[in-house]
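This briefing covers sheet architecture and ring contacts. Please view the sequence and structure before reading on.

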Amino acid sequence: RKILFVEEIQSDMHQAVQRALREGGKDVYARRADKIRVSFTVPKNTLVQGGDQELYIQVIDPKNNTLGANEQIEFGDKVLNYSLVSKFNYENASLNICEFVAPNADSKFEKGRYMVNVFNQKDLVSTSEFILD
């Protein structure tokens with residue numbers, strides 16, 4: 001399997017603003033948030049063959065819980081807890097990706113600092129954080 005990102009361009013992949021959303025797309029307080037939008041751009045890379053790709057998205061709440069699916073995958077000796085798998089068809093062109101993560105079952109979003117990490121297999125390729133009031 002070919003790696004989607006090479007070292008020279010990993011720093012070019014940055015997440016756009018993440019925020020809590022309600023119906024209508026307005027920013028809201030943590031207690032009223034229904035889901036978190038995670039947006040990022042996969043940059044153009046002619047060194048990678050086009051085709052189906054996947055990235056692992058990890059959203060961590062202020063209590064250090066992994067939100068969303070909270071499933072695990074093993075890469076050799078490393079275990080990754082992830083919120084969702086972002087699957088897309090990469091055509092060697094810049095591609096904007098948008099995914100949504102809900103709070104864990106029967107719970108609401110907590111106030112505080114959230115971390116969002118994007119992994120290409122076991123490799124961390126982007127990280128960001130935001131605060132919900």
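How many aromatic pairs does the structure hold? There are four aromatic pairs, where rings of Phe, Tyr and Trp (its six-membered ring) pair if their centres lie within 6.5 Å, and planes under 30 degrees apart count as stacked, over 60 as edge-to-face and the rest as tilted. The model is predicted: local features need pLDDT of at least 70, side-chain atom pairs count only at pLDDT 80 or more, and totals for chains, interfaces and linings use all residues. Residues are numbered from 1 along each chain as its sequence is written, and side-chain values use heavy atoms, with hydrogens and water left out.

**Aromatic contacts**

- Y56 and F75 are edge-to-face, as their ring centres are 5.8 Å apart and their planes lie at 75°.
- Y56 belongs to strand 3 (residues 51-60) and F75 to strand 4 (residues 71-75), so this pair ties together parts that are 19 residues apart in sequence.
- Y56 and F75 are both buried (under 20% relative accessible area, 1.4 Å probe, protein chains only).
- Y114 and F130 are stacked, at 5.3 Å centre to centre with 10° between the planes.
- Y114 and F130 are both buried.
- Y56, F75 and Y82 make up one aromatic cluster.

**Sheet**

- Four strands form an open sheet in the order 6-3-8-9, with antiparallel pairing; strands are DSSP runs of E, at least two residues, numbered from the N terminus, and two strands pair if DSSP finds at least two bridges between them.
- Strand 6 (84-90) and strand 9 (123-132) are the edge strands, each pairing on one side only.
- Strand 8 (residues 112-120) is joined to strand 9 by nine bridges, and these strands run antiparallel.

How values were computed: Buried < 20%, exposed > 50% of the residue type's maximum accessible area, 1.4 Å probe, protein only.
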